[in-house]
Amino acid sequence: MKKLVPLFFMILLISPFAIAQCPSEGHTVVMKAPAVSRTSTGELVGVATDFIITVAPGSGHVYVETWPLAEVDMQASARLAAEVAGKVLGVNMSKYDVFIQIKADSPIIGGPSAGGTMTVGIIAALKGWKINPKVMMTGMINPDGTIGPVGGILEKASAAHSVGATLFLIPEGQRIQMVQQTKKKEIGGIIQITTTSKRVDVAEYAKERWGLEVKEIGDIYDAVFYFTGHKIERPKVPENIKINTAFLKKDAEEDYKNTTAYYEKVEKELKDSSVSYDTYTTLQAALKDAKSILNESKASLDQGMYYTTLSKDFQARIAIRHVEWLLMVSQGKDMEKLLNQVDSEIKADEASISNLTIKGTTMLQAIAAAEERIEQAKSLLKDARKYYYQNDYWDAVSNAAFAYERAKTAVFWAKLGERYAAGNKIGRDVIKATAREYMDNTKLVVTYIESMFGNILGNDLLDKLNNAEQYYEDGKYSAALFTAMEARIRSEVILDTIGIDNQTILQNKLQRMKDSAKVAIVMAQSKGVYPVLAIAYYEFAESYEKKGDIQDLETAMIFYQYARETATIFLTQVNSPKIIENITSSVPQITIPKSNSTTSTEPINTNTTSTSKSSSSICGPALIAVLVLIPLFFRKH
């Protein structure tokens with residue numbers, strides 16, 4: 001028994017619950033948020049949840065208690081909400097603890113959709129602002145403060161009305177919802193079931209049925225205004241800002257010239273070869289495709305779209321190299337030699353990149369992108385070997401060519417990072433921490449969508465999420481970060497466009513994403529970072545936007561979102577914003593009930609008397625958790 005006593009104290013020391021303390025000072029806000037619950041028949045219904053949010057001086061922890069348990073964990077969303085609140089206000093959140101209690105009458109599908117509400121609550125608690133109880137909202141919170149799409153808008157509107165809300169805030173672009181209507185008709189004893197999709201204007205529907213006003217909001221600044229009447233000044237974006245990739249002009253010109261020369265060389269080799277007629281015509285068709293891509297590259301070059309030129313050249317080179325290497329490979333030993341050479345090239349490129357000293361955020365972004373591309377190359381080479389063992393030389397060479405070219409793009413990004421290196425040395429542990437955050441947030445979004453809509457994402461994005469976890473476990477943090485980012489962005493675009501085939505609606509959504517990307521790029525530049533990766537993605541999105549069909553618009557959305565995310569990735573510097581007071585005509589026409597608490601306009605600190613002491617109920621479960629962990633620990637030991 002004596003041996004168990006130190007273990008008991010060890011648990012108390014290492015448990016995050018054990019070190020949680022009931023805040024004796026700070027601000028507490030109480031809010032209601034809509035959620036959805038699933039009935040025994042599988043139907044989604046709206047339910048109202050209570051959020052009690054306290055912010056107090058502390059050491060950067062975020063504690064969450066849900067009752068009953070949510071179907072989707074809210075911890076990652078709560079952490080992100082605290083992070084965004086700190087960025088918006090220019091507050092160092094490592095000096096505060098956040099306590100969030102969520103109470104509902106039934107198990108809810110929670111998580112991301114409450115992110116915006118939690119962020120507003122944390123901001124209000126930091127500033128000591130009162131919350132308008134007649135306002136409710138739904139929407140994810142993105143790292144840049146924009147409000148992301150959610151599901152169950154109609155059900156949540158019903159929940160908002162049920163508890164007396166008069167204003168319901170929803171993510172911008174989600175006013176039009178697609179509703180599935182199922183009709184049963186009996187004909188001669190046979191029941192015929194038909195399902196049709198119907199567009200519903202949430203604002204018109206809610207106004208007509210309940211008198212509930214519905215407003216779309218784009219970011220957390222709008223949300224704070226409608227909840228508190230206080231306006232936080234947004235980062236200003238210069239007017240008529242033009243984003244271009246002129247910094248890649250020389251690279252693009254040289255790359256197009258070299259790729260064209262490479263095409264001409266391999267075209268001649270094919271004509272001079274002794275391959276059979278069938279092989280010749282097959283390889284000639286592949287070169288014809290490469291030539292078509294090169295023509296697109298030249299058009300992009302003439303239009304000043306230099307990253308798009310580089311991307312087209314990359315695609316063309318894969319096809320050209322595929323043809324060249326197939327001419328070289330005639331038997332198994334040739335194939336084995338080729339794969340080993342590609343392996344050596346990738347390893348050499350990886351070593352050169354990993355030995356670089358990272359200086360400044362611009363270089364950090366470029367190196368992270370380079371390291372992720374190295375992992376892609378290694379995965380492609382693995383696939384090439386798989387096809388080789390199956391005696392499928394065509395696909396083996398195709399994947400090997402792709403792997404080789406992908407590794408060379410990694411080298412390109414690394415050199416680009418060196419070109420813009422500036423500032424202090426940055427350790428790769430920054431990438432590790434950021435990767436973990438993105439992975440947790442991605443899991444939250446994917447799990448939420450599955451809870452709401454089933455497996456609409458398909459196995460591809462779920463596989464990416466699993467790949468990200470594997471990369472992280474293997475210590476490949478850049479690959480984990482970008483893979484998780486891709487899965488999350490694609491998931492959000494699916495959620496934002498599900499069931500919509502109206503081109504005008506999609507173009508409106510795309511413009512919103514484009515504007516957000518532009519703001520993010522300008523914000524990064526204002527902090528001394530030249531976001532080369534984001535600018536490249538922005539231009540690539542524009543190239544798809546110009547094509548105009550629905551599938552291209554959705555691809556453009558994805559790359560605008562990439563641009564937005566990568567622009568501000570790794571940025572931790574925050575500035576205190578201006579709080580605009582004495583607003584008159586633009587104040588929402590909603591009366592905020594009077595409170596006995598005093599409104600503060602400064603973040604709370606240890607020298608400030610709290611306007612309201614938090615409820616200690618969150619500390620009860622913290623202590624219970626420790627008591628529950630103790631017997632579980634003893635059973636295992």
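These legends accompany close-up views of a predicted model.

Local features are described where pLDDT is at least 70 and side-chain atom pairs where it is 80 or more, while totals for chains, interfaces and linings use all residues of this predicted model. Residues are numbered from 1 along each chain as its sequence is written, and side-chain values use heavy atoms, with hydrogens and water left out.

**View 1. An open sheet of 3 strands, in the order β5-β8-β11.**
Welcome to the sheet, where the pairing is parallel; two strands pair if DSSP finds at least two bridges between them. Strands here are DSSP runs of E with at least two residues, helices are runs of H or I with at least four, and both are numbered from the N terminus. At the edges stand β5 (135-137) and β11 (213-217), each with a single partner strand, so one side of each has no neighbour in the sheet. From one strand to the next, the twist averages 25° (angles run from 0 to 180 degrees between N-to-C directions, and axes are lines fitted to C-alpha atoms, for helices over the stretch in contact).

**View 2. Strand β8 and its bridges to β5 and β11.**
Strand β8 (residues 167-171) is joined to β11 by 5 bridges, and β5 and β8 pair in the parallel sense over 3 bridges. Look for phenylalanine 168: its bridge partner in β11 is valine 214, and phenylalanine 168 is itself the partner in β8 of methionine 136. Isoleucine 170 has glutamate 216 as its bridge partner in β11. Of the 5 residues of β8, 5 are buried, so the strand is largely enclosed by the rest of the structure; buried means under 20% relative accessible area, exposed over 50%, and partly exposed in between (1.4 Å probe, protein chains only). Helix α5 (residues 153-162) lies across β5 and β8, and runs at about 160° to β8.

**View 3. Helices α18 and α19 in contact.**
The axes of α18 (residues 532-545) and α19 (residues 550-568) come within 8 Å and cross at roughly 165°. The two helices are therefore roughly antiparallel (under 35 degrees counts as roughly parallel, over 145 as roughly antiparallel, 65 to 115 as roughly perpendicular, and the rest as oblique). Their crossing is left-handed, as the near helix is turned anticlockwise from the far one by less than a right angle; clockwise would be right-handed. Contact means heavy atoms within 4.5 Å, and among the residues making it are Tyr537 and Phe540 of α18 and Phe559 and Tyr560 of α19. By class, the contact has 14 nonpolar, 2 polar and 3 charged residues (Ala, Val, Leu, Ile, Met, Phe, Trp, Tyr, Cys and Pro count as nonpolar, Asp, Glu, Lys and Arg as charged, and the others, Gly among them, as polar).

**View 4. Helices α12 and α13 in a left-handed crossing.**
Here the axes of α12 (residues 360-389) and α13 (residues 393-419) come within 8 Å and cross at roughly 170°. That makes α12 roughly antiparallel to α13. The residues of this contact divide into 20 nonpolar, 4 polar and 5 charged.

**View 5. Alanine 319 in helix α10 (residues 306-328).**
With 18% relative accessibility, alanine 319 counts as buried. Apart from neighbours within four places in sequence, alanine 319 is in contact with Ala286 and Ala290.
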